[in-house]
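Me: Hey, could you walk me through this one? I'd like to go through a few backbone details with you.

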Amino acid sequence: MRIVLVGPPGAGKGTQATRLAEKLSIPHISTGDLFRANISRQTELGKLAKSYMDAGNLVPDEVTIAMAKDRMEQPDAENGFLLDGFPRNVSQAEALDELLTTEDMRLDAVLDLEAPEDEVVKRIAGRRICRKDSSHVFHVTYSKPKTEGVCDVCGGELYQRDDDAEDTVRKRLEVYHTQTEPIIDYYKAQGLVVTISALGAVDEVTGRAMEALKRDGDGA
Ligand code: AP5
Ligand code: MG
């Protein structure tokens, strides 16, 4: 399956993507995680991305699309992938369509995670991620690690993302509404959008997402 996950910052895209990717046996491709891995390796791409990310803005399309394309062309993505955080504006969605068409492929679904602003703000405020792998995500109240400050998965140090500061979160939400939300209409025109509520326990949301994808896969 080829799936795009969309939703505001803090809706739980990364949390759900990890679980869904495992259940569906497809790789979880997060452009945010790819940028953060570049930042920790201090690559030129990482340095460039950090300046945009810390301001809550999108990293320029040219570098983002090239990075996403490169990842989607890895052998493990041959039979499908779950995209988290890409595409994030209409021109990225057009670039993805073009790429898929060249390969004679298409998306199966765009899963839209809906969550009200007060909830995403609470989720982001308590989020802690792993220094070794930013796809390992916890929350000080809702998803506590067994040992405070230590990643359950790999023992890495947990920390708060630089772009989770209050002002930056406000900017990221604004960017989501102005630049990312329009892709929902873009994909609605292709009949691909499945919207679910991101409220409730993590497992409950995963169940809801699997049901919705199954229904969609059946053509309902
Ligand atoms: P990115 O890393 O993609 O951030 P985002 O889209 O803002 O989304 P988040 O990662 O903040 O939230 P999430 O929905 O993944 O929530 P999570 O699962 O962590 O992008 C960061 C930046 O990179 C962008 O601002 C941009 O600069 C750049 N970038 C990335 N992609 C780009 C692109 N394509 N083009 C240009 N620039 C790009 O959950 C949040 C918290 O809630 C966690 O603590 C979690 O434990 C908790 N939680 C999750 N589910 C539940 C639940 N059901 N109940 C209670 N708590 C929950
Ligand atoms: Mg994320």
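Me: Where is serine 25 found?
Reply: Serine 25 sits in the loop between α1 and β2 (28–30). Helices (H or I, at least four residues) and strands (E, at least two) are DSSP runs, numbered from the N terminus. By the way, this is a predicted model, where local features need pLDDT of at least 70, side-chain atom pairs count only at pLDDT 80 or more, and totals for chains, interfaces and linings use all residues. Residues are numbered from 1 along each chain as its sequence is written.

Me: Thanks! What is the phi of serine 25?
Reply: Positive, about 55 degrees, although serine 25 is not a glycine.

Me: And is serine 25 buried or exposed?
Reply: Serine 25 counts as exposed, at 66% relative accessibility. The classes are buried under 20% relative accessible area, exposed over 50% and partly exposed in between (1.4 Å probe, protein chains only).

Me: New topic: which residues does a cis peptide bond join?
Reply: Phenylalanine 86 and proline 87, with omega about -5 degrees. Proline 87 is in the loop between β3 (81–84) and α5 (90–102).

Me: What about aspartate 104, where is that found?
Reply: Aspartate 104 lies in the loop between α5 and β4 (109–114). Its phi is positive too, near 60 degrees, and aspartate 104 is exposed, with a relative accessible area of 73%.

How values were computed. Chains are lettered from A and ligands numbered from 1 in the order in which they are written. Side-chain values use heavy atoms; hydrogens and water are left out.
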